[in-house]
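Here is a brief report on one protein model. Keep the sequence and the 3D view at hand while reading.

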Amino acid sequence: MNQELGKAGEDLAVKFLRGKGYTVLKRNYRTAYGEIDIICEFSGGLVLVEVKTRRSQRFGLPQEAVTPVKISHLKKAAYLFLESYSKPFRFVRFDVIAITLVNGETRIEHIESAF
């Protein structure tokens, strides 16, 4: 059930990002350090996006689940992606998209340069 929720959240995030003019390069980029949910290009820069989706705030806000350990792993995974990708970027940024799905209402918060 958590995987279904995560996939639904990532699908919403991709639609949201494309609506803002982002070009999605990869989804679910897996490395030994973990997975980067969405990798995009925007304004000549590389944007690596962590998506957190929740059905309630009982355990806190979705973005609060992006822990220091998770951030460390995302940075290492991003380095591996950059080593394998030949195109230069003007900047590299880490964003978080926090999605809350409660009572049929969807709330999306895009936190740019989250860490």
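Does Asp11 count as buried, partly exposed or exposed? Asp11 counts as partly exposed, because its relative accessibility is 32%. The model is a predicted one.

## Helix α1

Helix α1 covers residues 2-19, 18 residues in total. From first C-alpha to last, α1 reaches 26 Å, close to the 26 Å expected at 1.5 Å a residue. Just after α1, Gly21 adopts a positive phi of about 95°.

Buried in α1 are Leu5, Gly9, Glu10, Ala13, Val14 and Leu17. The buried residues of α1 pack against β1 (23-31), β2 (34-42), β3 (45-54), β4 (92-102) and β5 (105-111). The helix α1 lies across these strands, β1, β2, β3, β4 and β5, and runs at about 120° to β4.

## The sheet

Five strands make an open sheet, ordered β1-β2-β3-β4-β5, with mixed pairing. Strands β1 and β5 stand at the edges with a single partner strand each, so one side of each has no neighbour in the sheet. From one strand to the next, the twist averages 25°.

Strands β2 and β3 run antiparallel and are joined by five bridges. Ile38 stands opposite Val49 in β3.

## Nonpolar cores

The largest nonpolar core has twelve residues. Among them are Ala13, Val14, Leu17, Ile38, Val49 and Ile97. At least two residues of this core come from each of α1, β2, β3 and β4. Another core, of eleven residues, lies apart from it and includes Leu48, Ala78, Phe81 and Phe89.

Which residues does Val14 touch, not counting those up to four places away in sequence? Val14 touches Val24, Arg27 and Ile38 on that count.

## Salt bridges

The structure holds ten salt bridges. One of them links Asp11 to Lys7, with the closest N and O atoms 3.0 Å apart. Asp11 and Lys7 are separated by about one helical turn, because they are four residues apart in helix α1. Lys7 has 45% relative accessibility and therefore counts as partly exposed.

Glu35 and Arg30 meet through their side chains in a salt bridge (3.2 Å, N to O). Arg30 counts as exposed, because its relative accessibility is 62%. The side chains of Glu50 and Lys52 also form a salt bridge (3.3 Å, N to O). Glu50 and Lys52 are both buried. Salt bridges with shared partners join Lys7, Glu10, Asp11 and Arg27 into one network.

Note on methods: Residues are numbered from 1 along each chain as its sequence is written. This is a predicted model: local features need pLDDT of at least 70, side-chain atom pairs count only at pLDDT 80 or more; totals for chains, interfaces and linings use all residues. Side-chain values use heavy atoms; hydrogens and water are left out. The expected span of a helix is 1.5 Å times one less than its number of residues. Buried means under 20% relative accessible area, exposed over 50%, partly exposed in between (1.4 Å probe, protein chains only). Contact means heavy atoms within 4.5 Å. A nonpolar core is a set of buried Ala, Val, Leu, Ile, Met, Phe, Trp, Tyr and Cys residues joined through side-chain atoms within 4.5 Å. Two strands pair if DSSP finds at least two bridges between them. Axes are lines fitted to C-alpha atoms, for helices over the stretch in contact, and angles run from 0 to 180 degrees between N-to-C directions. A salt bridge is a side-chain nitrogen of Lys or Arg within 4 Å of a carboxyl oxygen of Asp or Glu.
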